[in-house]
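Subject: Structure handover

Hello,

The structure we talked about is below. Please open it next to this email; my notes follow.

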Amino acid sequence: MKIVQIGIGGWGKNHIRILSELKVLSAVCDINSQKGKEYAERFFVKHYESLDDLLKNEKFDGAIIATPTSTHLEIAVKLLNAKKHVFVEKPMTYKSEEGEKLIKIAEKNKVILTCGYIERFNSAVETVKKIVKEKKFGDLIMLEFHRENKMPDHIKDIGIIHDTSVHDIDTANWLFNEMPIVVFAKAGKINHEHEDFASVMLGYKKDKVAIITSNWISPKKVRTFSAVCTNATMTSDFISQKIKIVREKESEIIQIEKEPLLLEIKNFLETIENKAELLVKPQQAVNVTKIAEAALLSSQKGIPIYLDLK
Ligand SMILES: NC(=O)c1ccc[n+]([C@@H]2O[C@H](COP(=O)([O-])OP(=O)(O)OC[C@H]3O[C@@H](n4cnc5c(N)ncnc54)[C@H](O)[C@@H]3O)[C@@H](O)[C@H]2O)c1
């Protein structure tokens with residue numbers, strides 16, 4: 001198995017480390033040739049400055065794209081048309097139609113397409129998902145997410161909803177095991193070119209609800225969520241992967257630390273080898289983008305947006 005890494009920025013360098021540990025890294029590609037050279041030397045692989053050169057000269061099975069969102073479509077189209085399996089970082093594309101286009105090309109070329117919704121591989125989410133599925137504490141009724149950090153200076157092309165809230169939108173869909181039917185949001189900007197704070201409310205069937213609060217204003221990094229079930233409330237931290245379960249008379253703490261990125265990349269590789277089922281389906285990633293688009297529209301118009309998602 002040979003995998004290439006496209007984009008070696010703040011996040012892509014983590015992919016490189018894991019691909020190298022798994023002994024599947026075959027080359028790196030970044031328009032910044034200095035960076036490409038540095039990582040190629042460090043990991044003993046070739047580097048390319050352009051995707052066209054990489055496609056012409058390198059034999060490989062799949063690619064991970066970790067470039068700015070606005071470039072995902074063009075890069076993914078070329079790779080899928082070359083019959084390569086593609087893992088594209090979140091959000092899959094900026095526009096949902098672009099994501100639909102990628103799904104069609106992947107299907108036509110019979111290759112795998114997935115997206116980096118990493119929290120699915122976070123052990124806190126995995127544990128809550130299992131508890132909810134088994135109905136250990138009754139039905140899941142409400143979810144609440146908080147994701148806060150200081151503004152990332154390098155993100156210029158999108159706002160916080162497409163960059164950050166999407167993680168929690170995907171996790172809410174995953175935990176409820178369905179798509180929302182209505183979105184209401186309020187967002188604004190203080191320092192960024194696009195929105196840098198947002199509250200998104202997702203309504204699911206039977207009055208279930210997810211409230212997603214994100215901002216790039218707080219100086220401290222916060223990544224927490226809570227899940228209210230009929231017989232218990234679970235509160236958790238995505239970073240520590242610790243879950244506190246509170247019931248009427250007792251409480252317990254569960255903490256299983258795993259490296260989500262390793263599990264995520266392994267799922268991509270094992271799906272290519274037909275050894276596992278793909279966890280993040282491309283249509284689910286496109287739905288997240290549709291919900292992000294609806295949230296922006298809702299905020300601009302001040303109205304709820306009703307959805308009918310696949
Ligand atoms: N899953 C997560 O938790 C997570 C975390 C951070 C970032 N991300 C995602 O990863 C992606 C990259 O984010 P980042 O923070 O690493 O960005 P970054 O700006 O730090 O890095 C992007 C890199 O891509 C390179 N690049 C730009 N255009 C290119 C092209 N056409 N071909 C090849 N290389 C190109 C740049 O030179 C740069 O090195 C984004 O989609 C982001 O949303 C995901």
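Cys29 in β2 is the bridge partner of Ile6. The model is predicted: local features need pLDDT of at least 70, side-chain atom pairs count only at pLDDT 80 or more, and totals for chains, interfaces and linings use all residues. Numbering starts from 1 along each chain as its sequence is written.

Strand β1 (residues 3-6) and β2 pair in the parallel sense, over four bridges. Helices (H or I, at least four residues) and strands (E, at least two) are DSSP runs, numbered from the N terminus. Two strands pair if DSSP finds at least two bridges between them. On to strand β3 (residues 46-48): β2 pairs with β3 in the parallel sense too, over three bridges. There, Val28 has His47 in β3 as its bridge partner.

Helix α2 (residues 33-43) carries the chain from β2 to β3, and this β-α-β crossover is right-handed. Right-handed means that, with the strands pointing away from the viewer, the path from the first strand over the helix to the second runs clockwise. β1, helix α1 (residues 12-21) and β2 also make a right-handed β-α-β unit.

Why is strand β2 (residues 25-29) largely enclosed by the rest of the structure? Because four of its five residues are buried. Buried means 20 or more other C-beta atoms within 10 Å of the residue's own; exposed means 12 or fewer, partly exposed in between, with C-beta atoms placed from the backbone.

The ligand
25 residues surround the ligand. The closest are Gly7, Gly9, Gly10, Trp11 and Glu89. A residue counts as near if its C-beta atom, placed from the backbone, lies within 6 Å. By class, the shell has ten nonpolar, ten polar and five charged residues. Ala, Val, Leu, Ile, Met, Phe, Trp, Tyr, Cys and Pro count as nonpolar, Asp, Glu, Lys and Arg as charged, and the others, Gly among them, as polar.

The domains
The protein chain divides into domain 1 (3-116) and domain 2 (119-258 + 282-306). These bounds come from an automatic or database domain assignment. Taken over C-alpha atoms, the domain centres are 27 Å apart.

Strand β8
Seven bridges join β8 (residues 182-188) to strand β9 (residues 197-203), and the two run antiparallel. Val182 stands opposite Gly203 in β9.

Best wishes
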